[in-house]
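Open the model in a viewer and keep the selection panel at hand.

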Amino acid sequence: MTTSALPRVRTHVPSALLVAVGLAAGFGIAQGTGVRALGGAVFALGGLAAAWLWVQRRGWAVALGLGALYVGAFVLAHVLALGVGMAAWLAVSLVTIAAAGGTFAVADRPRADLAER
């Protein structure tokens, strides 16, 4: 059975919120506590929770693409802050807005083909 034949789970939690919390809160916790592993755990948990929703709502292909976006945003925040010299919170804010917006557009926004069911 393919994933397209499986029913999609409808939840009220937008995965874009999990993306935003994973990126911003992960950074904030790492910065505030000085324990990078703790921030990394928050980042990982946010990503895993969002990925679970992506697979349920849109399938594996979309989940892998959005997972790459999520990890790419994390890397880009580091590049902007460490490589370019941008303020760390500004870099995290920019990539969080971009990743959460992209996630909403792809995974959370109601689709016309699903609304007709």
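Start with glycine 34, which follows H1 and has a positive phi, near 80°. Helices here are DSSP runs of H or I with at least four residues, strands are runs of E with at least two, and both are numbered from the N terminus. This is a predicted model, in which local features need pLDDT of at least 70 and side-chain atom pairs count only at pLDDT 80 or more, while totals for chains, interfaces and linings use all residues. Residues are numbered from 1 along each chain as its sequence is written, and side-chain values use heavy atoms, with hydrogens and water left out.

**Whole chain**

Zoom out and colour by secondary structure. The protein has five helices and zero strands, in the order α-α-α-α-α along the sequence. Of its 117 residues, 30% count as buried; buried means under 20% relative accessible area, exposed means over 50%, and partly exposed is in between (1.4 Å probe, protein chains only). A contact means heavy atoms within 4.5 Å. Among contacts between residues at least 6 apart in sequence, 72% join residues at least 24 apart.

**Helix H1**

Select residues 15–33, which make up H1. This helix has 19 residues and reaches 26 Å from its first C-alpha to its last, close to the 27 Å expected at 1.5 Å a residue. The expected span is 1.5 Å times one less than the number of residues. Show side chains for Ser15, Ala16, Val19, Gly22, Leu23, Gly26, Phe27 and Ala30, which are buried in H1. The buried residues of H1 pack against H2, H3 and H4. An α-helix has 3.6 residues a turn, so residues three or four places apart point the same way.

**Helix H3**

Next select 60–84, helix H3. Its 25 residues should span 36 Å at 1.5 Å a residue, and the end C-alpha atoms are 34 Å apart, which agrees. The buried residues of H3 are Ala63, Leu66, Tyr70, Ala73, Ala77 and Leu80, and their cover includes H1, H2 and H4. Just after H3, glycine 85 takes a positive phi of about 90°.

**The core**

Which residues have the most contacts inside the largest nonpolar core? Select Val19, Leu23, Trp54, Tyr70, Ala73, Val95 and Ala99; the core has 18 residues, and these have the most contacts inside it. A nonpolar core is a set of buried Ala, Val, Leu, Ile, Met, Phe, Trp, Tyr and Cys residues joined through side-chain atoms within 4.5 Å. H1, H2, H3 and H4 each supply at least two residues of this core, and the largest share, six residues, comes from H3.

Centre on tyrosine 70. Leaving out residues up to four places away in sequence, tyrosine 70 touches Val19, Gly22, Leu23, Phe43, Gly46, Gly47 and Trp54.

Then move to alanine 99 in helix H4, which counts as buried at 1% relative accessibility. With the residues up to four places away in sequence left out, alanine 99 touches Val19, Leu23, Leu69 and Ala73. Alanine 99 and phenylalanine 74 are 25 residues apart in sequence and 9.4 Å apart in space, C-alpha to C-alpha.

Select arginine 57, in helix H2 (residues 36–58), and aspartate 108, in helix H4. Arginine 57 counts as buried at 9% relative accessibility, and aspartate 108 counts as buried at 15%. Their side chains make a polar contact (2.7 Å). A polar contact is a pair of N or O atoms within 3.5 Å; within protein, one must be able to donate a hydrogen and the other to accept it, and residues adjacent in sequence count only if both atoms are side-chain atoms.

The backbone oxygen of valine 13 lies 2.6 Å from a polar side-chain atom of arginine 57, and the backbone nitrogen of alanine 16 lies 2.7 Å from a polar side-chain atom of aspartate 108.

**Aromatic rings**

Finish with the rings of Phe, Tyr and Trp (its six-membered ring), which pair if their centres lie within 6.5 Å; planes under 30 degrees apart count as stacked, over 60 as edge-to-face and the rest as tilted. The count comes to three aromatic pairs. Phenylalanine 27 and tryptophan 89 form an edge-to-face pair, 4.6 Å centre to centre with 80° between the planes. Phenylalanine 27 lies in H1 and tryptophan 89 in helix H4 (residues 88–108), so the pair ties together parts that are 62 residues apart in sequence. Tryptophan 89 is partly exposed, with a relative accessible area of 43%. Last, select Phe43, Tyr70 and Phe74, which form one aromatic cluster.
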